[in-house]
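Today I am opening my notebook on the aromatic rings and the strands around them. Come along and look with me.

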Amino acid sequence: MSFSSSDNLLDPVNGRNKSKYNCSFHESSCWNSCSQCCRREKIYQARVVNIGRPSKTQRFPSNKINNQKYNIFSFLPLVLFEQFSVFLNLIYLILALSQFIPDLRVGALYTYWGPLGFVLCVTLIREAIDDVRRWLRDREVNQTTYIKYVRRGETRVTSEGIKVGDLIRLDKDQRVPADMVLVWTSDRNGSCFIRTDQLDGETDWKLRHPIPPTHAFVNHAGEPSALFDMQAQVFAEAPRQNIHSFEGTFARTDIALPGIGDRSAESTEVSLNLDHTAWSNTVLATGSAVGLVIYTGAETRAVMNSSRARTKMGKIDREINNIIKLLFALVVVLALVMVALKGFSGAWYKYWWRFMVLFSYIIPLALRVNMDLAKIVYAFIAIRDPDLPGCMVRNTTIPEELGRISFLMSDKTGTLTQNEMVFKKLHLGSVAFAPDSMEEVVQGLKQHFESTASGRSGMETGGRQMRRTGNERMAEAVMAVAVCHNVTPMNEDNLGLGEPPSDSKSPLEMVDTFTDPVGYQASSPDEVALVSWTATVGITLVYRDQHYMCLRLPNGTVCSYDVLNLFPFSSESKRMGIILRDRTTRKVTFYVKGADTIMKTLVSYTDWLDDEAGNLAREGLRTLVVASRQLTEEQYEDFAKRYHTAKMSVVDRVEKMQAVVATLETELDVLCLTGVEDKLQEGVRPTLEALRNAGIRVWMLTGDKLETAECIAKSSRLVARDMPVYTFQNVTGRMDAHLELNAFRKRCEHALLITGSAIETCLRYYEHEFIELARQSPAVVVCRCSPTQKTQIVRLVRAHTGARVAAVGDGGNDVGMIQAADVGFGLVGKEGRQASLASDFSLYQFRHVARLLLVHGRNCYKNTAALALFVIHRGSIISVMQAVFSAVFYFVSVSLFPGFLLVGYCTVFTMFPVFSLVLDKDVPDRIAITYPELYKTLQKGREITFKTFFVWLLISIYQGGVIMYGALLLFEDEFIHVVSITFTALLLTELLMVAITIRTWHLLMILAEVISLAIYALTLVIMTDYFDPNFLRTVGFLWRVLAITAISCIPIIILKFIHYKFRPSIYSKLQSH
């Protein structure tokens, strides 16, 4: 087969153009964002890869992995640039730089450079550690060695040295280093399994096959290096992100070599698809394999799908940023007032700047460090919670958002349910079989196959004839369920291939030696449930490979089939099909199974199908319709030719293949309807009830049909027993949507049940109106919802309501909404780890969401708000004292305290007690869970607002004024005494304020208070140049300090007591009981 350059071939010109705009995928993200607008969008090209012969004319990306954010030259500039892009840090930098100018200096340089340097050092160390870890991980992967086949044997090559066209050997449990097409496997029948959990998050093993001609060639030659004697090439499509599809072709261009064998057994032209590939970052689960590298580096599926998720920022961070900007404005105004009172004479602007520097402590530089450390502590507490086993905090920047959730978007399958499928019902139209009647199925099948084996067919009486006819229908239906799938049996010998021991005999010659499998592997738990059920009623799948399938029947015989074609399930088609040839009767049968909404348009009219499918759905069962069609040899040969032509197409291959298969999907006969149950997870009902009582509105977004979704919503108590349900009719146009929305407007207190197509129509014409009505509903169930629609709904609710939205799911189809939500929960479930890896918080069960929100979320938000306000209060009170001091001493721009006291005040003297507030709890955990109504008060965000900020500012003004004026009144003799008394009273006031704010004492809180006092006492002893030791030992010093401290704190305590007595909070009432 040859390829024209216009259609397939990557000619040298295209190769040069491609490399011209190629950008290494391991540049830093900052440089990429800066240079993106200067580069053309990269255009990927298809390619032809000669087996074992890397191209010398085409240039492809290096396979080296580099996830580092910085390099040795860019580290310091980029980190500093990012830090000083923050408004707070930039202001402090300008203030600190001004201290190098003698006329503007108001104290020692370390007074201002010390805090700034500490913040920068913490950031530099953190970024350096993170980047070194990334470098170590990259080096470990890049230096992994693999066996590379060359013409004269084999050699070793590192992962970063692998190139397109190389033949690489993979052994069991070895990571695939680049995107490959498999050319050989150690399995005689040409099969292997790969694990894809690190790529798509799915834990089920995937079955893969090598290219048949190359596999046969290597088996005949005896070693993979013999492939260099074959002249062949692989055409591969242009690199793209889709990990679930691949289009390519294999073609031999040589002449049959002597001794290679019968050429008729091999094909010179093969269509390649996903089943022949092993993508980078997957793992070979069984045997050994050899792969032909087709994509490397930035062009691999793994790298192309590794786009950065949205950077999430907590709402409290934005609120604090607004307060910091207000504080900066207050500093500017206060400095102007001081200059105005002093008089705008001479170089007044210098005095204004000096006052700016003096009052700069009101701007809490340490606030960001305190909050970052607090978030780490919150994550540690959640991870160590014994009631949250397996909890993993993957995003430590938003734990306080857990305390402000108003909407929770939840998947159904695997999230509210266990995703453990159990076969529950078989419906044949006139009769249905449930678990309590499965013994009838077993006996019926046994009688049918025994009668078939003994040759009795139509020789019975009328009643017996009717009974046998029913058994025949039953057997035909169960056999269809047993063969229409893509399940592979597993045994203990090979862990997944279901094959007989290595032997010279073919598998079909050893059918009688097959043992029953120990389990099954499939991409869907539904298929495993169906095949497992057929085994319980006597029809067991004992062997399956790419070409054959064997079943053990109830009478002990083995029935064998040739697998002619397999059409896998896809989310677009919602069905799968298989064409089999019975090796005994030579009959060719086309089996199809799929969703009833799709299948009812393909099968012959059946009056019971719609009604019974609805009945099963109302029982909460997942339904599948199984149908078949007999094909003549002529019909199949005609289909096979047309299908092969479509498979070899390099343009619109998938569409052409689907069109050919559609010609078979006519006149299908319905065999049965199956119902599979997905049980609710443990604790779902009380969890949903608790969330509803907490004021969190839960929306269930599922791809299941309407009846199933409604049944699960009611059985899980998402929709309460006494809650009416409004079913939104299917609308297709503006007028229909308008009428339905008007009808729903009168029933907003009802739970809303709506389909994905209806919601799409409403959003197209009445986006704002629909969201406003839906947000008022106590529960919303969206069925037949695609992953894209899930993401769209989350974004729209966030945009229109301004509320905090969380999302929880367990599958790859939930990743979009998890990343779009303000907080994403990923469950480690049957569908894999993709949702867990993409989430902010990884959990094992849905019921853990309640504890994470009601306990940890509540504590995180309340304590973060308290910590932020205390840090602001700590800076404000000392700035007020500085303002009073300057005003009393004729507006002098001189610092009240020595530099080391200013630095120590914000660090060692008060840091530990203030930071210990992160451990505080207003109510015990059991109370927070028992009374979820406590959570409602947090959703309004009243813990930190401009109102609470001004309350604390007034407290700071009062306490700062009392301490400063009290010291000046009581100590008029020596200024050094004023410094001693004011700073000691200031420190005691701050520690006492922390103490009266704490609601639940913790041992570490007590230690923090004691250690802070001890450090300050030690400072008084050591720093004799600043503190008069003789004066400190007098009774006068002690009673005056205590008096000033009491006057500054006792009124605050009285006001708190009055508020507690006459306007107690809900949690205060619970504590009193």
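I started with a group of rings: F897, Y905, F909, F983, Y1016 and F1027 form one aromatic cluster. I am noting here that the model is a predicted one.

Next I looked up the tally of aromatic pairs, and the count comes to 31. I then picked the pair of Y726 and F728. Their ring centres lie 6.4 Å apart with the planes at 80°, and angles over 60 count as edge-to-face, so that is what I call this pair. I also checked burial: Y726 and F728 are both buried.

Where do F825 and F841 sit in the chain? F825 belongs to strand β32 (residues 823–827) and F841 to strand β33 (residues 841–843), and the two residues are 16 residues apart. Both F825 and F841 are buried.

That sent me to the strands. I found that β32 and β33 run parallel and are joined by three bridges, with F825 standing opposite F841 in β33. They are part of an open sheet of nine strands with mixed pairing, in the order β14-β33-β32-β31-β15-β27-β30-β29-β28. At the edges I noted β14 (392–393) and β28 (725–727), each of which pairs on one side only.

Last, I looked for charges over rings. The charged end of K342 sits over the ring of Y351, 4.8 Å from the ring centre. I also found R734 over the face of Y766, at 5.9 Å from the ring centre.

How values were computed: Residues numbered from 1 in each chain as written. Predicted model: local features only at pLDDT ≥ 70, side-chain atom pairs only at ≥ 80, totals over all residues. Heavy atoms only, no water. Phe/Tyr/Trp six-rings, centres within 6.5 Å; stacked < 30°, edge-to-face > 60°. Buried < 20%, exposed > 50% of the residue type's maximum accessible area, 1.4 Å probe, protein only. Helix = DSSP H or I, 4+ residues; strand = E, 2+ residues; numbered from the N terminus. Lys NZ or Arg CZ within 6 Å of the ring centre and 35° of its normal. Pairing = 2+ DSSP bridges.
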